[in-house]
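Here are my notes for your first look at this one. Have the viewer open while you go through the points.

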Amino acid sequence: MLSLHTNLMIRLRSDEKGATAVEYGIMVALIAVVIIVAVTLLGTTLSDTFNNIQCNVAGKGNWVPAAGSTAGACVKPA
């Protein structure tokens, strides 16, 4: 009976498959959070940059974003 208990304890201690899956899950969650934060912070800046390039290529001036909105307009410099 003691050897059965000892064998069971040895197998339970050496089985780390569950711990590895949890570690991978935490790592994937952290990577997802970093991607979401990066997209949120850079999204508006990238959008304004591409809109400015579009206005310049079309010869309409510079992109001026509207305050508190995602809209804006191309404005020719005076």
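1. Start with Cys74: at 33% relative accessibility, Cys74 counts as partly exposed. The scale here runs from buried (under 20% relative accessible area) through partly exposed (in between) to exposed (over 50%), using a 1.4 Å probe and protein chains only.

2. Before going on, a word about what you're looking at. This is a predicted model, where local features need pLDDT of at least 70, side-chain atom pairs count only at pLDDT 80 or more, and totals for chains, interfaces and linings use all residues. Numbering starts from 1 along each chain as its sequence is written, and side-chain values use heavy atoms, with hydrogens and water left out.

3. Back to those two cysteines: what joins Cys55 to Cys74? A disulfide does, with 1.7 Å from S to S; the term covers a pair of cysteine sulfur atoms within 2.5 Å. The bridge ties together distant parts of the chain, 19 residues apart, with Cys55 sitting in helix H2 and Cys74 in strand E2 (residues 72-75). The torsion about the S-S bond of Cys55 and Cys74 is about -65°, so this disulfide is left-handed. Searching the whole structure turns up 1 disulfide.

4. Now the layout. The protein has 2 helices and 2 strands, in the order α-α-β-β from the N terminus. Helices (H or I, at least four residues) and strands (E, at least two) are DSSP runs, numbered from the N terminus. Of the 78 residues in the protein, 5% are buried. Among contacts with a separation of 6 or more, 0% come from residues 24 or more positions apart, a contact being heavy atoms within 4.5 Å.

5. Leu41 belongs to helix H2 (residues 17-58) and is exposed, at 62% relative accessible area.

6. Finally, how far does the predictor trust itself, and where is the mean pLDDT lowest and highest? pLDDT is the predictor's confidence in each residue, from 0 to 100. The average for the protein is 81, and 78% of the residues score at least 70. Among the elements, helix H1 (residues 2-14) has the lowest mean, 68, while H2 has the highest, 87.
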